[in-house]
Amino acid sequence: MRKYINLNFDWEFVDPKGFCEIVNLPHTWNNKDGQDGNNNYLRGVGRYKKEFCMPENFTRKNRLYLEFHGVSSSARVMINRKEVCFHEGGYSTFRADITNVLEEKNILEVEVDNGINRRVYPQKADFTFYGGIYRDVNLLVVDSDHFELDYNGANGIKVTPTIQGSCATIQIETFVSGDGEVEIKILEENGLVVGKGTGVNVTIVLENPHFWNGRRDPYLYTAIAELKKGSEITDRVSCRFGIRDFYVDPDKGFFLNGVSYPLHGVSKHQDRKGIGNAVTKENLKQDMELILEMGANTIRLAHYQHDQYFYDLCDEYGMIVWTEIPYISEHMPEGYENTLAQMRELIVQNYNHPSIICWGISNEITISTRNRKDMMKNHRVLNDLCHQIDPTRLTTLACYAVCMPFDPVVHKVSDLVSYNLYLGWYVPGLFLNDLFMDIFHRFWPKRCLGYSEYGAEGMPNLHSSRPRRGDHSEEYQALYHEYMLKCFQRHPFLWATYLWNMFDFAADARDQGGEPGMNHKGVVTFDRKIKKDSFYLYKAWWSEEPFVHICGKRYVNRTESKIKLRVYSNQPEVSLYQNGQLLEICRGEHVFVFSVVLDRENNFEAVAGNCRDSSYIRKTNAPDHSYRLSKHRQKESKNWV
């Protein structure tokens, strides 16, 4: 039976400048300089070193693998000064069989390179390329007869459910290194065995199966495969899977199990303030809890393969997932093979997740005019590769702006197409969003259109009673999203919409909003401590959990005699009290606006059903200049490129 031995602790680390220290994994050397601006974070080769002994009871019947879950972005692995693996791609699992170089005491060395090159993606993008061994490292002991571990980081089991009327056909393929007989079992969530089979390729029919039905009912089965030699079990693997069907209609949007299921959600990066991308499972669980609280039902995991633990959470909580490779921003002819390698690993390692419905081919590359013929060939090959490895899912890509404009070649490469549009932020005119959707749908009525990115910067310390584009105020961000939510409601044919971004994230090339090194389009701050007003707007639209929220809590000092106080709630009626007196009862949907004459001191309370929220506003004679960006800073409010 296989045995995992964690190697996360006590590594000797030398950074690219030669500084040496002892670290534990997960680890990145850019957790601070990759978040402070100036685009000068340390890139190059970092060296990790660790000693370990041969595992107890290790015999000639065993094989020993090194397993890395994420090393950014290239890794050269050596055991006792012999190279056992070289991997390019910073976001996927990879392994190395080290049995033949194993000694009683061993020296493991890993050279990690996040330096600039022209062959490994990403090299140009609006986020920090952290260097380090930032996910777990394990030793994996297996019998010489075991389920395959040498194919694209997978675990040797592949499950393909197909719905046929009131039955589901479950095809379970296993891949074996060595000899033995494979026995298969399918278990319900309560542990009851509901199907059995024998062989490396087994088909099991389940009558009246329990569907995986998104956030409504994310039911998961478990497939267990055992490799036997006689009565001895030499290896065992398992995976959870869900039985579901989906399709996308160009006029009606996304359908799950034959029922309309409009997709509204968020995009997400994987880093944290002061931590970088070396996040823990506790960090990832908190992220999921915040996304669930806001009421999203889909997540775009940008712009690379994320931790397997987070895909598991998406399965468990019923999130629909768009996942993608970091083929982003700039096409590199020398990176062709790397795009294929990263796509193979993404699909093979994540094939069994029911949450995933599409593979993302690229992001914001297709507007480029350089190497265009080669770039489009790369896209077509990637699209074909996705369908070859996985004919059960769709492909998509994220186009930047209008792609020369509405390039019919670009938006017809993949099964679905989406656009990254910041109309109303980088360019004036929120109404342009309606115009774009209407024109696209009229010209290409059979193409399924989505919004892969939209958003506006919002700083929780910047405020304005007259918010405008570019001021980075919390108020403008909220008004922008108020418009976008109504706009999406007017265009129900969109197959999915993805807010950019759920959380603020590090982009060391940026210097905006008074805090360099950051993209502030999140509706939750980088440290996850502040939910901006926009968070509660989305909660009012998407969540069924009763709540009420008064906007502008951080906008305390005001000079106006009369203000418009906004309240967000998913309840049909909100009562507003000022200094203990009922001011007004307002009926409506999502957004409730009250006209308020300010006293010198103002304590407000909003009541909606059993929900209450309070805030305080002080009327002042002079404006509080800390709420405003300087004119110099406002001029810097532009895109990163």
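This is a predicted model: local features need pLDDT of at least 70, side-chain atom pairs count only at pLDDT 80 or more; totals for chains, interfaces and linings use all residues.
The largest pocket holds about 1300 Å³ of space. Its lining is made up of 48 residues, and His-69, Arg-95, Asn-155, Gln-308 and Gln-349 are those nearest the centre. Strand 14 (157–164), strand 23 (232–241), helix 1 (281–294), helix 2 (308–317) and helix 3 (336–350) each give at least two residues to this lining. Strand 23 has the largest share, with 5 residues. Sorted by class, the lining of the largest pocket contains 17 nonpolar, 17 polar and 14 charged residues.

The second largest pocket has a volume of about 470 Å³. It is lined by 18 residues, of which Pro-262, Leu-263, His-264, Phe-488 and Gln-489 lie nearest the centre. At least two lining residues come from each of strand 25 (253–256), helix 7 (474–490) and helix 8 (533–542). In this lining, 10 residues are nonpolar, 7 are polar and 1 is charged.

The model has 5 cavities of 30 Å³ or more. For the second largest cavity, the volume is about 80 Å³. The residues lining the second largest cavity include Ser-72, Tyr-91, the run Phe-127, Thr-128, Phe-129 and Tyr-130, and the run His-269, Gln-270 and Asp-271. Asn-277, Tyr-304 and Ala-506 also belong to the lining of this cavity. By class, the lining of the second largest cavity has 6 nonpolar residues, 5 polar residues and 1 charged residue.

Helix 3, one of the elements that line the largest pocket, has 15 residues. From its first C-alpha to its last, helix 3 reaches 22 Å, close to the 21 Å expected at 1.5 Å a residue. Helix 3 is mostly covered, with 11 of its 15 residues buried. Among the buried residues are Asn-338, Thr-339, Leu-340, Gln-342 and Met-343. Gln-349 is also buried in helix 3, and this residue is one of those nearest the centre of the largest pocket.

Helix 4 (residues 372–389) has 18 residues, and its reach of 26 Å between the first and last C-alpha is close to the 26 Å expected at 1.5 Å a residue. Its buried residues are Arg-372, Met-375, Met-376, Asn-378, His-379, Leu-382, Asn-383, Leu-385, Cys-386 and Ile-389. An α-helix has 3.6 residues a turn, so residues three or four places apart point the same way. The buried residues of helix 4 include the series Arg-372, Met-375, His-379, Leu-382, Cys-386 and Ile-389.

Strand 23, which gives the largest share of the lining of the largest pocket, also belongs to an open sheet of 4 strands. The strand order in this sheet is 18-17-22-23, and the pairing is antiparallel. Strand 18 (193–198) and strand 23 are at the edges with a single partner strand each, so one side of each has no neighbour in the sheet. On average, neighbouring strands of this sheet are turned by 15° against each other, direction ignored. Within the sheet, strand 17 (residues 181–187) and strand 22 (residues 221–229) form an antiparallel pair over 7 bridges. Glu-183 is placed opposite Glu-226 of strand 22.

Strand 43 (residues 601–608) takes part in two of the pairings described here. With strand 40 (residues 573–578), strand 43 runs antiparallel and is joined by 4 bridges. Leu-576 stands opposite Ala-606 of strand 43. The pairing of strand 43 with strand 44 (residues 611–619) is also antiparallel and extends over 8 bridges. Asn-602 has Ile-617 of strand 44 as its bridge partner. Strand 43 and strand 44 form a hairpin with 2 residues between the strands, and Gly-609 in this hairpin has a positive phi near 60°.

Tyr-121 and Pro-122 are joined by a cis peptide bond with omega of about 0°. Pro-122 is in the loop between strand 10 (105–113) and strand 11 (132–133). A cis peptide bond also leads from Ala-302 to His-303, where omega is near -25°. His-303 lies in the loop between strand 28 (298–301) and helix 2. Positive phi values occur at Asn-38, near 75°, and at Arg-81, near 70°. Asn-38 is located in the loop between strand 3 (20–23) and strand 4 (45–53), and is exposed with a relative accessible area of 66%. Arg-81 is in the loop between strand 7 (74–79) and strand 8 (82–88), and is exposed with a relative accessible area of 60%.

Note on methods. Residues are numbered from 1 along each chain as its sequence is written. Side-chain values use heavy atoms; hydrogens and water are left out. The expected span of a helix is 1.5 Å times one less than its number of residues. Buried means under 20% relative accessible area, exposed over 50%, partly exposed in between (1.4 Å probe, protein chains only). On a 1 Å grid over the protein atoms alone, a cavity is a set of points where a 1.4 Å probe fits but cannot get out, and a pocket is an open set with protein on both sides within 12 Å along at least five of seven lines; lining residues have an atom within 4 Å of a point. Grid points are joined across faces, edges and corners, and a volume is the space filled by probe spheres set on the points. Ala, Val, Leu, Ile, Met, Phe, Trp, Tyr, Cys and Pro count as nonpolar, Asp, Glu, Lys and Arg as charged, and the others, Gly among them, as polar. Two strands pair if DSSP finds at least two bridges between them. Axes are lines fitted to C-alpha atoms, for helices over the stretch in contact, and angles run from 0 to 180 degrees between N-to-C directions.
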